[in-house]
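Dear colleague,

Please find the structure below, with the sequence alongside. My notes on what was found in it follow directly after.

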Amino acid sequence: MRTLAELTGGNLYRSDPDLVRRLERGSAPTLDGRDRERLERFGAFVAETVEPAAAYTDRYAPPRLEPWDGEGRPIDRIVRNPLHAAAHAEVYRHGFVALNHVPERRPYRLTFAFGYLLAQADISLHCPATLTGAVAWVLDRHAPEELRRRFLPAFLRTDGTAATGATWATEVGAGSDLGATATVARRTDGEDVGLTGLKWFASNADADMALVTARPEGAPAGSAGIGLYLVPRRLPDGSLNRYRIRALKEKLGTRGLATGEIELDGAGAWQVAAPPEGLKAMLDAFGYSRIHNAMAAAGLQRRVFLEALAHARGREAFGHPLATYPMVQDVLLDLLARQEASLLLALEAAAAFDAALADPAAKPWLRLVTALAKFQTATWVVPAASALVELMGGRGYVEDHPASRLLRDAQVLPVWEGGANIQAHEVLRLLSAGNAAAAYAARLEGVLGRLEGGLGDLARPVAEALAACRRVAAGLAARPEEGSRIARRLARVMAEALAAALLLEAAAADLAAGDARKALVARRFVEGCRERPWDLVGGEGPWQRCFAAIVDHAPIAASLLAA
């Protein structure tokens, strides 16, 4: 079995030509040479340091809770594998959070790409890093100036002592329905607030500071009565805050991440946003995290593909390497097509995040593309990880190989920050507003209008999908009660059409430089979405003829498109 460092030549960024090319051709603000150096350093760090720490922690040294010290005093200390804890601290040394907030701010697209690389080795580190970034984002954009100045700098340190953050919202009776939040916020002395309640699924349970949803006394029921509060681990006098970690969760995956039940007992807090703005501010944090979730899904699919390809090339059956069999090639090609589509969806959401910072008018598109990217990448990632286990057979089912960890960790990505139903509902809500629908149509039509040559025929199914979405949207305007019945199907069609358009856009740019590889990947993806029986026509398809070049990212002559 080859290590991740061996699979990637010791660098996840440098060994991923698709990521390198897409970032180089990305929209403004562009990444510069220093950003590429940062990505190279981070890609080496993840392959060489994060991966071995993650594998050992998952199997042998998950976090454990020590509620009391030797004299019976409460300490609520979470004990971690020191190598895993050191890797976590090192993530912030690379600027995972700080680069977006320093005077010479770098695009969020850069640090979202960090997330794509980090998730290939460890979702259990990617999650707390994402939560920390989300807290910094909300403090920067929503907190009163005094709170921002006081607390934001602690998250921006790059000396190995950066504060970590968390977002605690889930309760026993308030999961997706945050309007049902039962945690109460009571004024104590002056401007201080005490929070009382139970947060039932709180990741990064011993974070230095957490954003927590609560309802002030006397506030109305529902989402309009939710405030948002910053809860420190320790009070200004250095003592532990008035909450306890009741237990750590035993989870299917992300075993290296400490997720607990937090019992707030008058916990000291500062108000970040009062009702009715509290839930809106927390949803801003979720929006940031959803893009990271899409990046993680794309990254984990990249790792799955690398492991699957290495196994197929290194394993012989019936006298031949698995990679020479057409059925295995089909599995690998489909994994690759969806992975590259996932990366483009995630990068599109990341670009929209930067664009909305420069122009608030871009926010409807940001919200829609974020929902579509989160929905579809999370839909693809679990079957991808499952396909790896199936391809490997017993070797993939045992804990000796990372395939089982990848499958367990993949399952969290459809769950975190709102499942498929939540994202589909968000799509419906945004379509009813009008601006998001117009932005979606403009994005697809802009791509389709520039297609020519060997890609022109692929414009038709994307245009047909866009027309169908318009018909459905018009029908929902007349019969909105049908929305919940078709929301998930609509979100899938819209996400797949957007992914196809983005693949075709990338393919056109590569074709202009004489490389048809992306065009074959785009055709594979589009044909798969249309579910046409192309594989039953007979004869060898272009994907099989060019299999090695496609999976190795080698240039392919444009003349092969017509073959």
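R93 and E90 both sit in helix α4, 3 residues apart, about one turn of the helix; helices here (H or I, at least four residues) and strands (E, at least two) are DSSP runs, numbered from the N terminus. An α-helix has 3.6 residues a turn, so residues three or four places apart point the same way. R93 and E90 form a salt bridge whose closest N and O atoms are 3.3 Å apart, the term meaning a side-chain nitrogen of Lys or Arg within 4 Å of a carboxyl oxygen of Asp or Glu. R93 has a relative accessible area of 43% and is partly exposed, and E90, at 27%, is also partly exposed. Buried means under 20% relative accessible area, exposed over 50%, and partly exposed in between (1.4 Å probe, protein chains only).

Please note that this is a predicted model: local features need pLDDT of at least 70, side-chain atom pairs count only at pLDDT 80 or more, and totals for chains, interfaces and linings use all residues. Residues are numbered from 1 along each chain as its sequence is written, and side-chain values use heavy atoms, with hydrogens and water left out.

Other salt bridges

By the rule above, the count comes to 52 salt bridges. One of them joins the side chains of E104 and R34, at 2.6 Å from N to O. This pair links distant parts of the chain, 70 residues apart: E104 is in the loop between α4 (82-93) and α5 (108-119), and R34 is in helix α3 (residues 33-60). E104 is partly exposed, with a relative accessible area of 46%, and R34 is partly exposed at 38%.

E261 and K249 form another salt bridge, with their closest N and O atoms 2.7 Å apart. E261 lies in strand β9 (residues 259-273) and K249 in the loop between β8 (243-248) and β9, so the pair ties together parts that are 12 residues apart in sequence. Both E261 and K249 are buried. There is also a network of salt bridges that links D18, R21, R22, R25, E340, D510, D515, R517 and K518.

Helix packing

Helix α10 (residues 363-392) packs against helix α16 (residues 483-512) at an angle of about 95°, and their axes are 9 Å apart. Axes are lines fitted to C-alpha atoms, for helices over the stretch in contact, and angles run from 0 to 180 degrees between N-to-C directions. The two helices are therefore roughly perpendicular, a description that covers 65 to 115 degrees. On the α10 side the contact includes W365, L368 and F375, and on the α16 side it includes R488, M494 and L498; contact means heavy atoms within 4.5 Å. The residues of this contact divide into 11 nonpolar, 1 polar and 3 charged. Ala, Val, Leu, Ile, Met, Phe, Trp, Tyr, Cys and Pro count as nonpolar, Asp, Glu, Lys and Arg as charged, and the others, Gly among them, as polar.

Helix α12 (residues 403-410) is mostly covered, with 7 of its 8 residues buried. Those buried residues pack against α3, α6 (123-142), α8 (277-314), α10 and α11 (394-397).

Individual residues

T259 lies in strand β9 and is buried, with a relative accessible area of 1%. Leaving aside neighbours within four places in sequence, T259 is in contact with F201, A202, S203, A247, L248, K249 and K251. N204, in the loop between β5 (193-203) and β6 (209-216), is buried at 3% relative accessibility. With the neighbours within four places in sequence again left aside, the contacts of N204 include R80, P128, W168 and L257.

The peptide bond from P275 to P276 is cis, with omega near 0°, and P276 lies in the loop between β9 and α8. E417, which is not a glycine, has a positive phi of about 55°; this residue is found in the loop between α12 and α13 (420-433). H553, also not a glycine, has a positive phi of about 60° and lies in the segment after α19 (547-551).

Record annotations

UniProt lists residues 277-428 as "domain: Acyl-CoA dehydrogenase/oxidase C-terminal" (unreviewed entry). UniProt positions are given in the numbering used here, feature names are shortened, and annotations may be inferred rather than shown by experiment. In the model, residues 277-428 are 80% helix and 3% strand.

With kind regards

Terms used. Parallel < 35°, antiparallel > 145°, perpendicular 65-115°, else oblique.
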